[in-house]
Each structure stands twice: as C-alpha cells, then as structure tokens.
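Dear colleague,

Please find below the structure that I am handing over to you. My findings follow it.

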Amino acid sequence: MSILRLEGTPSRASLAGLTPRVHFALPSDIDSIVSNFLTGTDKTRYQELLVSLKSASNSDENLINLLESCYTNVNKLDERVHSLVIAILNLNWNSSSDTLASKFQQFLLELVATHTYFTSPALESLLRKFYGFGDEPWPSTKPSVKEELHFSRVHETINQILKIIPMSANVLLQACDICFPFMKRGSRVNQSYVYNLFKICTYRPEMRSKILSLIIKKVISIDVQIPRKLLEALDDDEEEMETDAKMDDTETVFTMDDVSRSAASRITSVVDTNMQQQLAQTLDLLMEQIFVFIKEFCSRDADENEIIHHQSIFMDFLDIFEHQLLNVHGSHHVQFCMFYLCTLRPILPELFLTALWSKVTRMGENAVVRQTAAHYIASVVSRGRFVSVNATRSILQQMSKWCHAYVEAQQDATICDVKMHGIFYSVCQGLFYIVAFRHADLVATEKGLKWVQSLGLAKLVTSRLNPLKPCLPAVAQNFATVTRTYQIAYCFTVLEKNSRSQLPTVSLSGQQTVTNLNCFFPFDPYLLNRSAVFVNDQYREYEPLEQPGDERSDSENEETFGTPPKESLPKCMSPGSFTHLVSPTKLSRSLDKFSYGSSPGFKAY
Amino acid sequence: MEIEEQMSATSKGEACSWVHCVKELYLQPHYFNQVQKGVGDAMNATINKYQGDLAGVVRQHKNVKLLSVDGTITDEESYIKLQVEADFEVFRPFVGCKLKGVVNKVSANNVSCLVHELFNVSCPNAMGSDDWVGYNAVLGQEITCQVTKVDLTGRIPYIRASIVKLHQTENGNHKHFNEEEEVEEINLQEEEEEPVETPKKKKKKDKSGERAKEKKKKKHDSEDEVSTTPKKKRKSKREDVSSESEVIEIPEIDILKALKRKRKSGDLPDSPIPKSKKRKLHMNEAGDKFYYDDDGGPIFV
C-alpha cells in the first residue's frame, strides 16, 4: 500500500487546495496501457497508473475521464489485469458532485455484466463503503445527511447489480459476512454497517431472514463477551455518584464498600474495562438498530397488512432464536429482541410461549436446550407486561400438569438429583418463579385464589423429588412467602430441612449428585441505556409482597437494619445476581426488604 | 461414464438437458431424525450450483429415490453418505452451443443477456467491427448467441458468446425487463410457484381466515398448535402448487412472504397484460383488441 493513500481523509478538493502539490494527471488511454502491458511492450505506464490510482489526491475530472475510458474499454479489463480493476474498484468515488458517482456506477455495472467473476470484489468494495466516516456514534439512529447520500448511492448500485446478475444474491450474502467489521473496531463502524444491512432488507425482502441471522450472530458474539457484573457495576457507579451528591451524611458510613470496589477494579486492568465499556456501547447501538428496524418494518403499511408483517418477521426471529439463541450460554441482552417483538401484538407472546413449551416437552430434544427453554418461559411470563393473566394461567396449568405427571412417573425416586431430573427441576423452578412474581395478578379474585390452589403446588413441594432444593434460594424464599401468605402451601419446613442436609449424596451409579440448578434468567433487567427505551415500559419489575407489618419496619431508623438480610430482593436486582453484595444505599432506597409478616416465630429469617 | 455419453448426446446443440444419475449425498447428524428433510435439503443445496460430477449447473431435480436403506460412514467423518438416484436438469454450456436469452443490459461494445432467466452471458463486440449486430439490440429483446468461452468454476458462471441473431417478438413487443426481477426468487432456493389465484383475492381470504382462527385460539388456548394459524390454510394450497418442484420441505411462511413482496414492495411487473391468468382476447366495435383485467376494466393491446 502506498503511503499516500489515506482512508477517510477530507475531500480531495480541500486537500488539493491546502498545499501546492505536484500530481500527475491520470492517463485516459486505458486500452493502450492495458494492451501494452499484456503484450509486454510497456509495463511501466501500467504500474505508474496503479500507483497514482492509490493516491488520494486525484481530482474529480481526472477520475471522470479515467472512468469514461474504462467504460468504453471494459472488454479489455479482464482477469489478466486484475490488480488494475481492483485498484479502480477501491477508488474513493464519494464526492459532492453526482457526476463522478454516476460514472463510477455506470462503469461498475458494465464491468460486472461483462466479467461476472468480478462480482465478488465489486460487491465487497461496495460493502466496505458502509463503514461510513467519522468517529462518534450517531446521536440519533440515522446517519448524517452527507453519509445518507453516500449510502443511498451505494445501495442503488447494489440493487442494480442484483437485478442484472440474479446469481449474485448468494455472493452478496457471503460478502456481507466477510465485510462485517470486527466487533472491537469501534461502535460507529458497527452501527453504520448494521444500519445499511437493514436498509438492504428493505429493498430486497427475500434476503431479510439471512441478513437478520447474520446480524444476530454477530451481536450474540459481542453480548457474551460482556459480563453482566461489569454493566451492573457501571450502573452502580453512576447511581452512587448521583446519590453521594445527595446524601452526604451517609457517605462516611459506606466508604468501606466503595474502597473495596474501587480496589477490585484497580486490580483488573484498566484496558480491559475500557474495552468492555466500548463493547457495551457497541452492543447498545446495535440493539437500538435492531429495535428500530423491527419497529419500522412493522409500521410500514396500513393496518390490514400489519399482521402479515408482524407474523413474518416474528417467524424469522423465532427461527433465529431456536437455532442460535437457545444454544448460547451467557447472553444477556440479545434475547430482548424477542421480548420487543412480543410487545407488538397479543398473539405473538402466545406463539412464543407455545414454541418454547413444545421445546420443553419434546422428548428427543437436547436436555440443555429443554432446560433453557423452561428458563425462558419463566422469565418471559414473569417479566413481560404483555403476557395476560389468562396466558399466565394457561401456561402455569400446563407446567403443573406436566410436573405432576412427571412426579407420578417417577415413583421410585428417592434423591434429588439434578442431572437426572434437570428438566423437571427447571420447570418447577419456573413455576415457583412465576408464582412469586405474579402472585398479585393470580390471586386478584376469589376464583383466582381457588384456581391457584387447584394447581397442586403443595403436593409438588412435598414430593420425594423435592423441587425446592435445587432452586435458587431467593426464588425459593420468595415463593415460600407468597404461598404462606395465601395459604396455598407451607414450604418452610421443607426449606428448613433442605438447608440442614448438607451432606453430599451419591447416586446408585456412583457419581456424586449435583444439587444446584444451573440458573439462567434470560430477561433480567436490561442494562443498556440507549436501547432500554424500547423495552422498559413493557418490563415488569419485581414487586415484593407487602405486608401490613412491613410499614412498621419501613421506618427511617435504619440502624436496626445492620447487615442486610441475605435473602432480600431489592428492586432492580435479579435473583440471578443473588451473590452480588447489596449496596446499603440501594437498600435504604428500596424498601423491599423481604419479610413475610408479623408472625414472631420466623423473625430469624 | 454415463455423463460423457449423455454429453455427446447433447452435443447436437442443447446446453440444458435432463440427466438421470446416481449422486452421493452427505447426511449431517442433526438430520438423523428427519432423513427425508435431510435428503431434501441436500438436494436443494445442489440447485444453481456447479456440480463436478454432473459437469454443469443443476437447475432442477425430481424423482429422488434412495438406492438403499443403509448409508456408509467412513473413517472419522461425522456424516452418513447416502446413494441417491434422481433426474437432474443440468445446464452445461460448451463452446459452440447455441443459447437463447433475453437482453438485460446494453452498452457501447457489449450486450449482456440472461439465459433461462438466470445465467448471465456477455456478448462483446469481439471483432471491433463498426456494423456489429449488437448495436441494434434493445432491452428485453430475445437473442440467440453462440458460446465462445465458458468457465463454470467460479461462484457465478462466466459465459462469453457471440450474437447469432436478434429476434423480433410478436407485435414488436419485447418482454419487459422488469419481469426478470421475479426470477430472483429462484436463486435463493425457493420454489417456483405460480400464484393460483390473483394475489389480492388470496390475501383477503387469508385475512378473514386468520381473524376467525385468532378468535378461536384465544378461547381455547390449546397447546398443541405449534404451527401458527396461517400455516393450516396454506398447507392445503401447497399441494395444488406442486410443479415439478425441486423443493421437498417448504417453510410455511414463504407464500406469505412472496405475496407480501409481490404486492407491496412494488416489484410487480408493470406489464399491461396480467400474467397470472389466461385472458381471453376481446374486440370492440372499433376493431381494437383488449383484455379484461382484475377490476373489470379493459386493457388494450
């Protein structure tokens, strides 16, 4: 690469105007250069041409003349002068004048029509134009006017190529994958590229599902790299900075925690954190683009077609979900695209839940996938405001029916072994989670209470398989509170017994049993700021059970609290991050201290 | 060996021919439970790709038959090899054969056309003559050309030819180039479907059917409906549409997509003569010929 070539430099005109430069006018007799090169009579002019093409200081008129002569001599530009063609393809033809752009487009179309083997390099060079220019991410979801003009020219060219060469569709898809910017390259590059890929979907709807699956694949690979703790820590830091400004008197009390946290962050290298913060920003922008695409796609047309749009894009996403997302461990935010889709139309969450439940109950399916699907059901029903009470009831019915059937089929089970009965325990935990979360809705009416009693939760809890044991303690405790309050089941004896039995058990096959369920709550609070607007209004936060006795303990004298009880579940926290140290400032703000009533005997909990 | 015999049979000038032969397919592990789908997907994957053993690009296949109940696994390979017998329509242009295509791009020294609505053939003005036939070519015109160079090894086949004859269609009308856009569906391995009825009517039917079924669904909350409501309706229509279809397993939503695309994306051909029906030609008192279109109005030819 010549050192003269600079990408993203200010326009040629301004550069040329800056200093008096000597540059050679580009030759316009391409045919003689090429034929001389091929016959071997004069190779130097060809090579000079190659060098001067790479320089950034070619004026528009030069380029226009060059492109004209290339256009008339396209037949000569075959694979033997491959490097010349590539050099011309990589020219920076984005100029404020339309002439250069249209000349280039004309030449390019002629080139690919005549020599179809140049289609792939041509498409790749066009896709690289989607990286845009500039450093800062766009403040809105759309590019600036200048960039938009440039992108629209590129899109027009791509569309024309696809029309002329029908077989180039597959080549385009491959090129999209090849040219996708590396995730650490910068958030704006990624944002710009994904924006343009979605633009392709609008004029080439048949490529939509493949492009979507490519984008989601890339977003997943970013999402799994960012640990949730980092994002929570970032959130905490921000909030702490806010509250510290407000509550100065309590600051001294909490310095211990601050010091320990900052010490911890000093230990992990600063570079890592910065890189992950940048990745988080990239992820945020990409999720925003996805949400905006879904929204615009669904609201494109009049109402009569809306259902078709919704369903077709939902089926695309469901397909991607089943093939990619269900198999991924540790993704935190990508699944919210399904969440957002479900908010659009009431039938979609039902379809989603049906698909998930069929995955759980399908016998031939991979066990891990079945468990993950059960976790998804639990999370969606609990966290989504769009899931109606009827839908909740129906899925709870199905789940409890399945669980009871399972228990009956396993009459001889004596120990709680997660490996053998993993799916059962996941479904049970899901059941408990949903009941703990949505108890208010479910028992709102007298009939509701009777219905919940009819689920037979007491029988499940006291069965030999002991589903409460592998559950996450926070979930088990909350479930126990709720059921005790409504007198559906009495779980505390079981919980007590479970906490007492600490001995490791060995199953018949001689292997040590696993007694902790690998928990995964897919729809834990969404931590990315920019894209959270799409999700937040349909997201249900955890509402703890309020007791008449609680008001008494919610008073201002916080000295009685001392150390926060282990099983408290403050508002923005997820049960999955149960081990996270509860910040006392948060605790004082969130009065969701877990307690279950005025009965004196259980105050120890 | 069989291929070569048949190649000589086609050397009388046909580039596109049906070949009956045995092909070896690889069945990946995730298809072990769904062998038919696996075979179908593997066969569909051969479409529009150059197949070395067939020495050409496969356009369609039919009559797929498994030769034996067993497959073979060799060494540490994870897939099962199956022997399959089928008819393939193979496009095998060779130097000297004649191809018939439709012009899709005209420029200074070059005419590009589409053969079988899929393959690009470029016809340059090789001799550099001033009264080259191609200077009279018009977009959408039918053209016969003779192949001078073929290279099928790249992702997109490269075919160069010289123009033999420019055709004139009836009434001086050329096939509108916009209609070529619909053929892009073929590339992405979707089935070639003729809409059985006009798109508008179909959509209305679907909508009312869907509404009724949505209501039902809300009442029942039945769990065994994994398929969405539109799927049921479309399944019956699917059987009608089977042409010599190369697709065995069809994702159900495709008709919906195709309908929506055709109607809303503006890619409908602008041709004055609606393609989907065989329209009867009428004549009014003045002697003008016309067709009736969907709305009942006359379209003059």
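This is a predicted model: local features need pLDDT of at least 70, side-chain atom pairs count only at pLDDT 80 or more; totals for chains, interfaces and linings use all residues.

**The barrel of chain B**

In chain B, 5 strands form a closed barrel in the order 5-6-7-9-8, and their pairing is mixed. From one strand to the next, the twist averages 50°. Strand 5 (residues 98-106) and strand 8 (residues 142-151) of chain B are antiparallel partners, joined over 5 bridges. Within this pairing, B:Lys100 is found opposite B:Thr144 of strand 8. In general, the strands of a sheet pair through backbone hydrogen bonds, in either a parallel or an antiparallel manner.

**A helix of chain A**

Helix 7 (residues 119-128) of chain A is largely enclosed by the rest of the structure, because 8 of its 10 residues are buried. The buried residues of this helix are A:Thr119, A:Ser120, A:Ala122, A:Leu123, A:Glu124, A:Ser125, A:Leu126 and A:Leu127. What do the buried residues of helix 7 of chain A pack against? Their partners are helix 5 (82-89), helix 6 (98-114), helix 8 (145-164), helix 9 (168-178) and helix 10 (187-203) of chain A.

With kind regards

Note on methods. Residues are numbered from 1 along each chain as its sequence is written. Chains are lettered from A and ligands numbered from 1 in the order in which they are written. Side-chain values use heavy atoms; hydrogens and water are left out. Two strands pair if DSSP finds at least two bridges between them. Helices (H or I, at least four residues) and strands (E, at least two) are DSSP runs, numbered from the N terminus. Axes are lines fitted to C-alpha atoms, for helices over the stretch in contact, and angles run from 0 to 180 degrees between N-to-C directions. Buried means under 20% relative accessible area, exposed over 50%, partly exposed in between (1.4 Å probe, protein chains only). Contact means heavy atoms within 4.5 Å.
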